[in-house]
Amino acid sequence: MDVNIILKYFPEISEEQKKQFEKLEFLYKDWNMKINVVSRKDIDELYLRHVLHSLGIAKIHSFKSGSEVLDVGTGGGFPGIPLAILFPEVQFSLVDAIGKKIKVVQEVVDGLGITNVKAMHTRVEDLDVQFDFIVSRAVAAMPTFVRWVKGKIKKDSHHDIKNGILYLKGGDLSEELKDYKTTQIFDLTNFYEEDFFETKKVVYLPQKHK
């Protein structure tokens, strides 16, 4: 599966963005041979399982120009890097506690020539900055995640929805989310037709979630 799957769902992207998305495969395959950040099976399905999955967040919400987004536990750069390509006017901070993963993120960002990504080797709890939105891809159960990012979301919102968390998650979330009454869950099958997305969701948790 190639970059055309991105164009299928995001036909409005510019020629420059298309080239950047195309470059991702070469960069990840190259770096994955040196530092394994994407499983062998997934690297062949990079556009479906990683890039398009990451962009599921963009089907739910468009970040405004000048806003700041934090990607927690970014791993090899997902969902942060695909979102940064899609929203070049938005500042993304990608953090991971594992140094070699952040090295790959930095190399991919440099290879793409994008300037709206800051890669940081740190734990989110140690950050002393606030963001409009926090994104992530299933790095922990929601109660744990909420604890990690406490105090990291700006109070003033400039978007159509309140600042908060946009979380890519799969499976049955009823137990995990039972204490969060204002959560909204979006099934990615409403936007994508591939079988891979059958159980995949985006969970939106506004800042005031009690």
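Author: Happy to. One term to begin with: contact means heavy atoms within 4.5 Å. This is a predicted model, where local features need pLDDT of at least 70, side-chain atom pairs count only at pLDDT 80 or more, and totals for chains, interfaces and linings use all residues. Residues are numbered from 1 along each chain as its sequence is written, and side-chain values use heavy atoms, with hydrogens and water left out.

Reader: Thanks! So what is Thr122 in contact with, leaving aside its neighbours within four places in sequence?

Author: Val95, Asp96, Ala97 and Leu127 are in contact with Thr122, once those neighbours are set aside.

Reader: And where is Thr122 placed?

Author: Thr122 is in the loop between strand 3 (117–121) and strand 4 (133–137). Helices (H or I, at least four residues) and strands (E, at least two) are DSSP runs, numbered from the N terminus.

Reader: Is Thr122 buried or exposed?

Author: Thr122 counts as buried because its relative accessible area is 18%. Buried means under 20% relative accessible area, exposed over 50%, and partly exposed in between (1.4 Å probe, protein chains only).

Reader: Switching topic: how many aromatic pairs does the structure hold?

Author: The structure holds nine aromatic pairs. Rings of Phe, Tyr and Trp (its six-membered ring) pair if their centres lie within 6.5 Å; planes under 30 degrees apart count as stacked, over 60 as edge-to-face and the rest as tilted.

Reader: Which parts of the chain does that pair link?

Author: Distant ones: Phe63 is in the loop between helix 5 (56–60) and strand 1 (68–72), and Phe87 is in the loop between helix 6 (80–86) and strand 2 (91–96), 24 residues apart. Phe63 counts as buried because its relative accessibility is 5%. Phe87 is buried too, at 11% relative accessibility.
Phe63 also forms an edge-to-face pair with Phe92, at 6.1 Å centre to centre and 90° between the planes. That pair again links distant parts of the chain, with Phe92 in strand 2, 29 residues apart from Phe63. Phe92 is buried, with a relative accessible area of 1%.

Reader: Nice. Which residues form one aromatic cluster?

Author: Tyr9, Tyr192, Phe196 and Phe197 do.

Reader: Last one: how many of the nine residues in helix 4 are buried?

Author: Eight of the nine, so helix 4 (residues 46–54) is mostly covered. Among the buried residues are Leu46, Tyr47 and His50.
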